[in-house]
Each structure stands twice: as structure tokens, then as C-alpha cells.
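Good morning, and thank you for coming. I would like to walk through one protein model with you, taking its charged residues and its loops in turn.

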Amino acid sequence: MGDGSTPQRPAWENEGAAFVPGTDDEEPLDGLDARQRRLVSEMKYRNRYLTDEELDAVLPPGYEVVPVPAELAAEYEKRRRDAEEQREAAAKSRLHDVPESVGENLPPLRAEDTATFELLLQYRHIANDADLPADVARSVMVLRCLLRIKNGDVKQRKQGYRMIAEKARYFGPEILFQHIFELWMSETLDNAEKHAIVKLIDRVLFHLGDVVTDTVPQILTVIQPLLCEPDPYTRDEGREVIANLARAVGLKPIVLALKRDMDDPSDEIRVMTARTLAVVAKTLGVEPMADFIAAVCNSRKSSLARQTGLKIVHDIAGAMGSAVRKDVRLLIGAVAPCLEDQQVRVKIHAATTIAALAEACHPHGIEEFIPVLGPIRKECRNNRGKVLSACLRAMGSLIALMPPVDAMDYAQNTLDTISRAFSTVDEDLRKVVIRVVQQLARHSGITREFLLGSISGPFFAAFWTVRLAIDRRTMRLLLETTVDIAKRIGAATPLQVLSDYLRDRELDSGQRPALQAVNRIVERVGTVELTAEMAAKLFESALDCLQSDEAGSAFTAVTCIVSICTSLENRMTPFVMQLIAFVKSRLTHSVAGVRRQAAELIGRVAEPIVACQRADQLVEVSRGLVERLSGEVEGPVLASNIRALREILEALPHPSMMQPRLPEVLQQLVPIIKNPNDEVQQGVIELIGKIAIAVDVADSPEHRDEVALLRVKLSQLASDGLFYLLKSKRKRTRVATAETFGEIAAAVTPVPIVKHLLNNLKKDDRTERICTEVALAVVAKRCRPWVVIPFLVNEFRLAQGTELAEKTQHAVLKSLRFLFEYLNEDGAPYIWSVIPLLEWSLTEKSLQYRRMACEVVRHIALSAVASDFEDVLVHLLNLIHPNLIETTVGSEQLRLSTAVTEVLEAARLTVNPCYLMRMLEQGLWHPARKVRDVYWRVYNSLYLGSGEALVPAFAAAPNEGENTYTRAHLQCLV
């Protein structure tokens, strides 16, 4: 230590001493951090290597050290050296105690960082950089910056970045990268710290430029592994650093650094090398690297090098996408000879690379691939296994680029190979075949007759099997291909095959994917081509699948049946009775999932059933659903029942057809409102809203008594029960409740409902108050603003001087804000009625009053666009303008400043921008910088939005030679 005394070592580091947590000399810690450090220290002690003395003390006499076998001597020596290096590093880390501070404005040093920042510990007492010894000054300065970046807060990290960026050339690449790499190789960095170091390397490369040429191998050693990380953001960071490195040093240093890795035995190293060079090619262009890539792809010394070259081209296609098309000719020239290579892996890589290039160039560029068409066709005929898989994939990608005539020719020539591959058991080849069939089906040049006669039959027979249907990796591709075939050949053949498949498979194995395929085909292609027998067979197959689900856990069959019924339209009339009987039997099932399935099904097919003139059958189902509302205990099932009732009510031609009557339905819903299930609450409020809408529709002389009773019940519900739903956790429920208040107000007298909502503005719950304010705005929009605005203004005036004055008046201002936001241009005629209220609020001492009033004025300005209210807004802007330079410090001041800025930005749509310019000229050149910043920010927004309208407002400048700046008054007017 600095006083010459010998530093004390923690007890657990002394050989032969037992570890006792808390006995070290480190400063005691509290909480999780202390426990974590003690556990780490204890594990390190328990898992340390035992010395010879410790082994002699534990083992009885007679044991001898066995000599290391000759074949393991090298490995043993390597481990021994690694252990010695670790012990030396640990010894260095114990040379100093961890001080509380290592310098002014530096973050604290962690115990595990002492080995990396040892030099910083030695010179921690020298605060001034100028007093440091010349030989270590730059190193100490770099370490201080690295410590700020690694352990500091946001401000300290920015200081470290800035200092290294500004003095990068002073430090030099040797010192910078020496300490950066030493820190990177340490085991103390977490993911966030690694991200910071990568960001630092990127900045250093930008500032140093070509000076880092000598350190390219070291930089690539650090950055290359990032390209193989599973996290996409980490891979993007690695690509960015390599791209900046390529821009700084050029191609040659990077190629020289990676030359030895081209034929490395390790696949991982060669993959990293290929990805690195692909990033370099994307950055610098493919043309400068074309000769190098061709040389690597045609290397005679090593087949591994040829594979690496092909991998480079493959990664270039993936990285550049369609931009690679202009360089395809160069890349194809390098790849084509590899198709005839003697090494099977090289041939596979070549075909895969050609497929990647073709997919990147889609849908153009077949002219560039002409040299490889013949070899690819030849390899498809003469090979099996993985080579066939790669070549067939390449052929499918090339056919997708061809014009219609050529595509049909090559498809017919490849048909034998495709048909032979249908019966293969190789999973990779089967996936490739599915992809090729999809490409053929999507090509406009492949005729419907060819797909129907030669492809569809063998395809469905080979791939719609239980073994393949349960393979999730292939299922998505199989479904897309099936739908694409159906689009070309029609829905009849695929649906016939799938309906037979549904009858022969169990749900857990093959029914789910088949139902998904039927659903997609019916939605995207339709059922026009189906005969009555085929439609009946398809409907019964889907219904059987739903009936076989005794647990009620799968809704795929429900979705499929709904799609079939919607697509069939009037042709589903023969199946309505069967469907209704099926739903009735399952609504009373003992399993909750089955009951939920039935409710969801009948609700979603209600509209098709009404279209078939069978509304009477829906009425019978609705009666059973209402009867089960009070007895259902399962929340999800109850929510499904309520949704089904709402959809039935929407589908019925007239609300009076509903059974039981709407007042009885509403009476059943009242006790359900306080159900804790979120889905139930949302379903109830949406159904009440639909009932309120139905009041106007059902208002006729023959239903007068029913409508009167319904209005009474809705009024009672709006005065008490619905306020509970304003406190719901789900936002959609709260929004639906506010909308329902508007519908009820339109159906009954709005004044009592407005009074109840105004009383609710005094509640303590902020969320409930906001939802009430939105409900008032909805009522104003639904029942005209003159119903609500007088009550709001009166409530604002009466609240003055009361205990709840501030809370109530804030709520009124927010209500006015939402009201004008909802009304838009319909609110312009009512602006005059709130001017006194806004004048009082804008001159109030409280910042919150002024901010909320500014928000109201903003929406007033937006609603008054193209209206004659410019004088009103000018008056309000005169009151708002002084708030631009509010001097109060705090978050509320920032919110007020933002609100004022938004008002001025909205006012330019209604007020002449020249007037706003005259207002801003008062502060654009103010001596105080903070004042100028605010005014310039508003001016920039004004200039961007209304720049052409500001021309008359700019100050006149004298003419300068040939430049004329003066403008006549007529020009300004025009």
C-alpha cells in the first residue's frame, strides 16, 4: 500500500485456511450484492486446484504421482501454463487493496477489475494527467476512460467516449487496442459492457482511419465471433464494426489477416471468415473482391478453401439481397466450375450458393444464370441424396426467374426428378421438393393442366401423411404450398383430398394442420367450384373433427366451420338444422371447454344462418344462452356466451325478434357486471351498448311498452352500475364503457346521465376520472355539444372556493380537451362558450391550470381550421405566449413548455403564420440562450410546416449587386 505496509489477504485466499464468509477485509456490503460476492468467493475456494501439500495431508501414505502419458503431455503442458497464467493474474489482482476511489470523477473499481486496471491503481494518487510519467501517461489516461465506460453512469460513459474520440490519434492504435483487447479478453464483462466496448471500437476506427492497419488481425479476432451470436442485435453490431474497419483500411489488410483461415479445419472459423468477407464485399463492393473470390473458389490446394469461397458468395447474396444482381455475372463465373468438383461437399455448397443467388435476384436476372442451367439439370438427373437436394433447390429457384415458355420447358424436363423425390424418406429432400412445387405453382408460366395432371395428385398423396403433418418445421411450408396449388387449379381437388384426410386422422396427429389448410383455401379461394355433395362432405368432416375434441381445447375446427359457412352463403341452408342441434347439445356439456366452443361457434355463424332465412333457429339458441348466464361459473365460458348473444342480436333482422325480450336480457346482465373476469366485463359492456343502440331501432307503436321499460332500465344502469367498469384493468373495457354511456344517453334522456358523470369527476381514482371525462366527450358527440358544455362550464364556476376545486376544475378542463378532440370541426360553433373559462385558467398562477388550458386551446385550434375564428385564437395566443419562458424548475414546467409549443404548432393552421412570426421575433435573438432555444424550436416547426406563408414576414434586406431582395407590396399580397 501507499504507506509501505503489507496488504492483508482475505482469509479464503490463504492456503490451508477454511473459508469463513465475512472474514475478509473488504468493506462490508448489504443486500443481494454482498451475498452474491460471498457465494462467488466461496465457490472459487471450493473449486480451486489442490496443491501437493494438501493432497499429502488428505491421502494416506503410499500414493504416488502417476506420470503423464506421452500422448497427453502436450495437453497437460498447455493446461499447466494456463493455470500458471491464472495464478499470476490472481496474484496481480491481490497486489493492491480495492480503494474506495481511484481518482476524481471516476467510478468505483470492482475487485474483479484489479488485474486489468493495475496500472491505474498504481497512479491513482496523481490526479493531473500532466504530472504522470511520460512512459505511462497515455496508458493511464486510456485506462481512466475505459473505467468510465465500463463502470460509470451515463454521464461518465459519455465523457469516456468523448475523450477517446478526441484524443484517439494522440493515444495511438497500439496503446488503445492493447488496453481495449485486454479488457475484452477478461472474464468480467457482462453483455451491456461488451456492447459498450464494441461501440467504443467502432468510434475508434472512425477517428483513426487507416492508422489501424497494423491492428486489423487483432480487431477481427475480437469482432468476428459476434457474427455468429444468436442475438440479431449483437450480429448487427459486429457487421457495423467490420464495415467501418473496411472503410478505414481497405480490402487488402483484411484479406491478408483472414488468408490463413480460408482452409482452417474448424467449420466455425471458416463460417466466421466467410461472413466477415461478405460484410466487406457489401461495404466495398463485389467487383474489387471478384478476383479474390474466384481464386478461393477454384483453389486446387484445399477443398476447404473452395467451400469457404462458396460460403462467401452465399453470404454475399443473403447480405445484399436484390442489390447483388449487378454483380451476379462475376459471382456465377467463380461458382460455376465448382458444380463439377470431385468433392461432394463442394458440389453441394455450389448448388446451394446458386440457389441463394437466384432467390436474391428474383424475379429477374435469368440471363446471368445461363452458364449453370445445363450443369444443374445434369446433376439433378445423375445424383441422389444431399447433392440432389441442393441441385433441385437450385433448379426450382432458377425456374422462378425464367419467362413463361422456358419455365414450362424446364418444369417438364425436371418432372421425373420431382416425381422420384416425392417418395423419398430424406427429410431435407422432402422440404426441398415442397419448396420447388410451391415455386412452380406461383409461376405464371406453369399451366393449370400441368399442375392438375402431373403435380397435384402425387403431391397430396406423398405429403399429406401423419408423419409429415406433425412436423412443425415443414408444416408452414406445406400449408402455403397447398394454398398456392389451390389458387391455380381450384379448390375442388385440394378440398376433396383434405376432407378424406380429416375423416381418417385423429386430432392430435393430423387434423389440426388439415383444418388449417381447409380454412386458408376456403378463405382465399372460395367454395364456388364445390358441388352440393362435396360441400356436405367437407362440412360434415369439419363438424366431426370438432365433435371428436372432447376436451374443448382446440378452436381450429371452429374457425374452419365458420369459414365454410361464410363461404357457402345460401348453400349452407341444408346444414343449419344439423348445426343448431349440434350446438344445443354441446352448450349443456359437462366440460367447460366444449361449452365455450359451442358458444363461439354459434356466435360467429349467426350472420350466415340469418342469410339462410333461419333466424328462428337463432332465437331458440339465444333463449338457452340467456338461461345459462346466471348458472355459468366459468369466466371464459360466460364471456363466450355473452359474445354469442351480442353477435346474435347484431345478426337478427329486428331487435324485437330477440328471445327473451331485451329488458329481461338486460336484467340478467346487471349482476354479471361486477364479475372479476376481464373478458366477461368487456363482453357485458359491449352487449349493453348494442342493446342501447337497438332502442331506436325497436321504437315503434307495437313495441312501445317494451322500449319504455328498456329505457328505464338503461337509465338506472347508467346512474349506478356502469361506473364500476370505468375502473376495469383492461383499457378496451374502459373505452367500451365510455362509448356505452354515449349510446345510453342517445337512447334515453342525456341530462341525468351527464349529471351522474359530473359527480363522478370528484372521485379520487385518476383512471376513473379520465374515463369519465372521455365518456362526457362521447355523450357530447352522440347527443350534440350543447347538452354537455353548459354543465361543464357551470361545474367549473361552482367548484371555485370548495375543497375539491382544483380536482374538479382540472377534470373539467380535461373533459373540454377530450370534447373538442372528439368533435373536430363540429366543435367550432361552441368555442365562444368556453372563452371566459379559458381566460381564467390561462392567467391562473398554477402551472397545471395553464397547461390543461393550453391543451384545450390546441384542440380548439385544430377544430377551427377553415373557420372564421382567427381573432379568438389571437386573443388566446396573447395569453399563452408568456408561458414560453416560464422560469419555474421542474417536470411540470417542461410539460407546460411542451403544451405551449403544441398550441403554437396547431395555431398555424388557423392563424396567419405571419402573426406567429411577429410573436416569435421577440425572442429569437434574446440575450439568454435558454430563451432563444425555446423560440427557435417553435420557429423551426413553423418554418417546416408553413414556410411558404412566412415569405411576407421576413425582414427586408438591401440589394447587393446582382442580387435583388426588395419586394413590392403587390408581390407580398400575391
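What follows is a short tour of salt bridges, surface charge, and a few backbone details.

Please keep in mind that this is a predicted model.

Let me begin with the salt bridges. By the rule applied here, the count comes to 32 salt bridges.

The opening pair is R239 and D236, whose side chains meet in a salt bridge at 2.5 Å, N to O. Both residues lie in helix α11, which covers residues 232-249, and they are 3 residues apart, about one turn of the helix.

The next pair is R270 and D267, which form a salt bridge with the closest N and O atoms 2.1 Å apart. They are 3 residues apart in helix α13, residues 267-284, so about one helical turn separates them. R270 is buried, with a relative accessible area of 7%, whereas D267 is partly exposed, at 43%.

The last pair is R851 and E892, a salt bridge whose closest N and O atoms are 2.6 Å apart. R851 lies in helix α43 (residues 847-863) and E892 in helix α45 (residues 891-907), so the pair ties together parts that are 41 residues apart in sequence. R851 is buried, with a relative accessible area of 6%, and E892 is buried too, at 15%. Salt bridges that share partners join R817, R851, E855, E892 and R895 into one network.

I now turn to positive charge on the surface. Which residues gather in a patch of positive charge there? They are K158, R162, K199 and R203. Two helices, α6 (154-166) and α9 (191-208), each supply at least two residues of this patch. One member, K199, lies in helix α9 and is partly exposed, with a relative accessible area of 36%.

Another lysine, K150, has its place in helix α5, residues 137-151. Is K150 buried or exposed? K150 is buried, because its relative accessible area is 4%, and buried means under 20%. Leaving aside residues up to four places away in sequence, K150 touches R110, D113, F117, L183, T188, L189 and E193.

Finally, let us look at the loops and the backbone. A cis peptide bond joins H362 and P363, with omega about 10 degrees; P363 lies in the loop between α17 (344-361) and α18 (370-382). A cis peptide bond also joins Q659 and P660, with omega about -5 degrees, and P660 sits in the loop between α33 (635-651) and α34 (662-669).

Positive phi values deserve a mention as well. R784 has a phi near 80 degrees, a positive value in a residue other than glycine. R784 is placed in the loop between α39 (766-783) and α40 (789-798), and it is partly exposed, at 41% relative accessible area. N824, which is not a glycine, has a positive phi of about 60 degrees. N824 lies in the loop between α41 (805-823) and α42 (835-842) and is partly exposed, at 40%.

D720 is exposed, with a relative accessible area of 58%. D720 and I753 are 33 residues apart in sequence and 10.0 Å apart in space, C-alpha to C-alpha. Thank you for your attention.

Methods: Residues numbered from 1 in each chain as written. Predicted model: local features only at pLDDT ≥ 70, side-chain atom pairs only at ≥ 80, totals over all residues. Heavy atoms only, no water. Patch = residues over 30% accessible without salt bridge, like charges linked within 9 Å, V, L, I, M, F, W, Y side chains within 5 Å. Areas by Shrake-Rupley, 256 points an atom, 1.4 Å probe, with all protein chains shown as cover. Salt bridge = Lys/Arg side-chain N within 4 Å of Asp/Glu carboxyl O. Lys, Arg positive; Asp, Glu negative; His and termini not counted. Charge placed at Lys NZ, Arg CZ, Asp CG, Glu CD. Helix = DSSP H or I, 4+ residues; strand = E, 2+ residues; numbered from the N terminus. Buried < 20%, exposed > 50% of the residue type's maximum accessible area, 1.4 Å probe, protein only. Contact = heavy atoms within 4.5 Å.
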